Each structure stands twice: as C-alpha cells, then as structure tokens.
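Biologist: Hi! Could you walk me through this structure while I have it open?
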Amino acid sequence: MEILYKSTRGHEDKVTASAAILQGLAADGGLFVPERLPEFDKTMEEFSKLSYQETAYEVMKLLLTDFSEEELRSCIRRAYDSKFDTEVIAPLAEVEGTYYLELFHGRTIAFKDMALSILPHLMTTAAKKNHAEGEIVILTATSGDTGKAALAGFADVPGTRIIVFYPKNGVSPIQERQMVTQKGDNTCVVGIHGNFDDAQSGVKKLFGDRELAAWMQERGFRFSSANSINIGRLVPQIVYYVYAYAQLLKEGRIVDGEAINVVVPTGNFGNILAAFYAKNMGLPIAKLICASNDNKVLYDFFRTGVYDRNREFILTSSPSMDILISSNLERLIYRIAGDNAAENSALMEALAGEGRYEITGQMRERLDSFYGNFASQEECAEKIRSLYDKTGYVLDPHTAVASVVCDKYRKETKDGTKTVIASTASPYKFTRSVMSAIDKKYDGMEDFALADELSRLSGVAVPQAIEEIRTAPVLHTAQCEKDGMEQAVKAFLEK
Ligand SMILES: *Cc1c(COP(=O)(O)O)cnc(C)c1O
C-alpha cells in the first residue's frame, strides 16, 4: 500500500516518499511525516533469519513505497558494505546484563553513519525519479557528528554539493579535525561563532528564504537537507531497532513477543523517534527511555508537559546532544495531537515566539511509553571509569549518558525488562573526555597519543577513521558570524 507524506504544519499537499526526501523540509516550515505507520509484514521470527541488508529492505520498503525493489536494494547494497568494519553492521555487546547496540562501526564512527551512508543514494535516486533539475545543495547544521557523516556520504557524489555549519567552539577536537580535513571539491565546511541551535535555526531560515531560493534557481541549484528533519534519515534508523530485537531473539536472549526497553541518548530526537516508529509498526518495545545531558529540556518536558528552551545553553562532554531545540520532537507532538496540524502549528509558533509551549493533558497521556531522565558530566565520567574498571568495556560520553539514565530508571521503577542501549559513538571520537574520565593522568596528553593509549587499555584497534585524520591536511578554514551564513553559502556556490 502506498504511503504518502504530509507536513506537520498542514499547508502542503501530500507527496511521495522520494519527493519528501528530495525536498527535506516542507515548504510551510513543517516536517514531513508518513500519513500512517504501516505494520511489519514479517514476524520477528522471520526477521531473525535476515542479514542487516535484508532487514533494511523489509523495513524500508514499507515506508519508501514509491521506490522500486531494485532501486531500494541497490541503495542498500551501496550503503551497507565494507565501509562498515563489521559484516553485521550493528553488533550488540552484552555488558553487565545490558545490551549495547553499537551503531558506530561506519566510516565516521558515530551512529549518523547508519542513515547518512544511504541518504545520498536515496536522494540521487529520488532526483532521477522526480526528474528534478539542477544540482542538489545539501545544507547541514551539525552538533559534530552529522557534519562528518554527511560530508563522507556526499563527497564527490555527482550532482550534489554539501555545505556544513558547525559551532566553532562546540565540537570535540577529533570531530572538528574530521570535518576540516574532508576532501572533495563539492564540500564546504564553515565554523560559526555561535552554538548548535544558532546553526540549526540559521539553516532553517535559509531553507525558508524565498529570495535565496530564487537566487539558487537562477544558478541551477536546489537545497535539500541531510539533517534528521529529512525523512530519508529517519526511515533507515528504524532498521537497527528491528535488527537488534531479531538478534536477541535469534540468540535466545528473549522469547518471541517479549517486550524490551530501549534507552537512547537524545539530542535532536531523531534516533528515539525512529524507535517510537518501530514500536508503532509492531516491534515489541515497552519503554522508550530518553536520556539527556545537562541540556535537559526533554527531561523537563516529559516530567511537566512544558517545553521551555529559555535557559542557559551548556557545553558538555557529550556535544552531539548539546541542543535546546529538538527538531524531531515536532513529529511526536503532531502525533500526540492526533495528527492535528493546526494544534501542532500553534505550539511551534509559541516555541518560535516565546521559546516555550505546554501540551494538553490528553496529549500527555499519549506519552505514557516515554520516560525521560538526564545525567551530569560527573555522573558520565564516573560511569565510564567504573564500567571500564569492572569490565574493560569503554563507553563514549554520549552512550554513558544513556547508561547512567538506564541505571536511574531501573532504580526508580524496579523494572527488570531486558534493555538495549543505543550506543551512538565510538569512544575514539571523544578520547579526551573518555581518557580523562578513566584517569586524570591523561589530561596533558595530545589527542592522537590518547587514541593510542585508549587502544592499549581497551584492546580495540584504533579505527581507520582516526588513522586517516592523523596526518591529513586541513582543507577548510572558513568561519562566519551567526548572521553571515547566507553570505557563506553564496560564496561557495559562486566559486
Ligand atoms: C547525533 C547524536 C546523538 C543525538 O541523536 P538525535 O537523533 O539527534 O537525538 C547522540 N549521540 C551521538 C554520538 C550523536 O552523534
């Protein structure tokens, strides 16, 4: 059955999946959502016999219904190949009775690779299908990991250019180095003097700027987005929750139909929304546990029903979660409003205007499968150190946020349900915070020396992603002010 996509703000006609991917953000400023969520047409028992790639096909075909089988299989084959350092693509590690779903085995060692390995293929296929004219310009704001994963995905892809804005002082040294050493004539990386929310709002503004759109059109360009506001990011993320469940079943860790909990370290609310979609499509998930760092807007939201971004923006050791405006929450709000675009639009306008909104009691009732909590930097450091001491397993700071919140949830509720923690980054991406958490004596050491030391401690080889930036030359030095983003875009496109 065909699934069409509509905007959460309600002022758009329904479009096909490929058109939604191509467009990124809806023209009325809303996000595209599927008009309904289809049920899986395979049992978990059947899923447990499939490879990651086969699972990806069986899940994605349900939502990307205007892609032919051949198109979809070809995108999947080209995405999930030897770019990943393990054949299973997303392995599960059992540590102290909890399952860490390692989503960092792709080219840039963060979970963004799970979707951004396939997005360029989906997008170029979508352009062909829709006979879209002109070069696609991917405009992206990053809190650190999306930027590199999108650059790696789109570099040298014919018919595309990519521009990435990152907060100049808001990413880890390794994250920054990964981005500024990116090769490819069609790539552009700019550090902005502001935080992630500034970058994200700036990008959203450029998307909505009609004059700029006209300027682009004259020159044969069209914008699209590689951020998780693009439905082409969200759909591939549903896959690994199904795959994880099927693997647990296959290994006899759970019985068929047994519900599991998932814990997701959350920033822009994309990853956990994918888990929510999986649940609604029939995956046995009991609780969706939303883990925040000190920027705990979502924790407050789940506790009180009030979303309030009016607070200090805190730079933490988990920079990819340093976000006060979680874009994808809009898709959840729309859903708990009963797919009511007018009600959602009113709340989003309040957010844009006053920086806050409150949902109704009825909407709150529909959030009963969510639980939110947060972890401080000290708690995360303590978790990294203690888990390493006890088991030798090393967490990155984002996964540590999830792990601490998982402990808090269990303590608070006594719920003994088996749990999968989305492990969103390799500790090698955040060696400075990780090694400092393990032992203060590493504080003075240089980044790449720290990587070697981490390898010695953990027994895990230094990933290729780190090796390749050790000596790579810096190719991008551009910086701009918050209000200089449009100029930066034009400068690159006119080059
Ligand atoms: C992006 C990111 C997150 C947050 O994911 P969202 O989908 O934005 O909620 C968490 N951890 C890491 C390492 C990330 O890169």
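Modeller: Happy to. One term before we start: a residue is called exposed when its relative accessible area is over 50%, and buried when that is under 20%. Lys414 has a relative accessible area of 70%, so Lys414 is exposed. Please keep in mind that this is a predicted model.

Biologist: Thanks. Where does Lys414 sit in the fold?
Modeller: Lys414 is in the loop between helix 18 (397–413) and strand 14 (419–423).

Biologist: And what is the phi of Lys414?
Modeller: The phi of Lys414 is near 60 degrees, which is a positive value in a residue other than glycine. Most residues other than glycine have a negative phi. Glu96 also has a positive value, with phi near 50 degrees.

Biologist: OK, where is Glu96, then?
Modeller: Glu96 belongs to the loop between strand 3 (92–95) and strand 4 (98–102). With 47% relative accessibility, Glu96 counts as partly exposed.

Biologist: Let's switch to helices. At what angle do helix 3 and helix 11 cross?
Modeller: Roughly 130 degrees, for helix 3 (residues 52–63) and helix 11 (residues 231–250), and their axes come within 9 Å. The two helices are therefore oblique to each other. The crossing of helix 3 past helix 11 is right-handed.

Biologist: Which residues of helix 3 and helix 11 make the contact?
Modeller: From helix 3 you have Tyr52, Thr55, Ala56, Val59, Met60 and Leu63, and from helix 11 there are Val235, Pro236, Ile238, Val239, Tyr240, Val242 and Tyr243. Sorted by class, this contact holds twelve nonpolar residues, one polar residue and no charged ones.

Biologist: How many residues of helix 3 are buried?
Modeller: Nine of the twelve, so helix 3 is largely enclosed by the rest of the structure. The buried ones are Tyr52, Thr55, Ala56, Tyr57, Glu58, Val59, Met60, Leu62 and Leu63.

Biologist: What span should helix 3 have, going by 1.5 Å a residue?
Modeller: Its twelve residues should span 16 Å, and the end C-alpha atoms of helix 3 are 17 Å apart, which agrees.

Biologist: Back to helix 11. How does helix 11 pack with helix 12?
Modeller: Helix 11 and helix 12 (residues 270–280) pack at an angle of about 65 degrees, and their axes are 8 Å apart. That makes helix 11 roughly perpendicular to helix 12. Here too there is a right-handed crossing, with helix 11 passing helix 12.

Biologist: Which residues of helix 11 and helix 12 meet?
Modeller: Leu234, Gln237, Ile238, Tyr240 and Tyr241 of helix 11 meet Gly270, Asn271, Leu273, Ala274, Ala275, Tyr277 and Ala278 of helix 12. By class, that contact has nine nonpolar, three polar and no charged residues.

Biologist: New topic: what about helix 15, which of its residues are buried?
Modeller: Ala341, Asn344, Ser345, Leu347, Met348, Ala350 and Leu351 are buried in helix 15. Among the elements covering them are strand 11 (306–308), helix 14 (329–336), strand 12 (356–358) and helix 16 (361–365). Helix 15 (residues 341–354) has 14 residues and reaches 20 Å from its first C-alpha to its last, close to the 20 Å expected at 1.5 Å a residue.

Biologist: I spotted Glu330 around there. Buried or exposed?
Modeller: Glu330 has 3% relative accessibility, so Glu330 counts as buried. Its place is in helix 14.

Biologist: What is Glu330 in contact with?
Modeller: Leaving out neighbours within four places in sequence, Glu330 is in contact with Thr8, Arg9, Gly30, Leu31, Asn344 and Met348. Asn344 and Met348 are among the buried residues of helix 15.

Biologist: Is Glu70 buried or exposed?
Modeller: Glu70, in helix 4 (residues 69–79), counts as exposed at 67% relative accessibility.

Biologist: Last one: what does Phe492 touch?
Modeller: Not counting residues up to four places away in sequence, Phe492 touches Arg161, Ile162, Ile163, Asp185, Asn186, Thr187 and Cys188. Phe492 is in helix 22 (residues 485–494) and counts as buried, at 6% relative accessibility.

How values were computed. Residues numbered from 1 in each chain as written. Predicted model: local features only at pLDDT ≥ 70, side-chain atom pairs only at ≥ 80, totals over all residues. Heavy atoms only, no water. Axes fitted to C-alpha atoms, helices over the stretch in contact; angles between N-to-C directions. Helix = DSSP H or I, 4+ residues; strand = E, 2+ residues; numbered from the N terminus. Parallel < 35°, antiparallel > 145°, perpendicular 65-115°, else oblique. Left-handed = near helix turned anticlockwise from the far one by under 90°. Contact = heavy atoms within 4.5 Å. Nonpolar A, V, L, I, M, F, W, Y, C, P; charged D, E, K, R; others polar. Expected span 1.5 Å × (residues − 1). Buried < 20%, exposed > 50% of the residue type's maximum accessible area, 1.4 Å probe, protein only.
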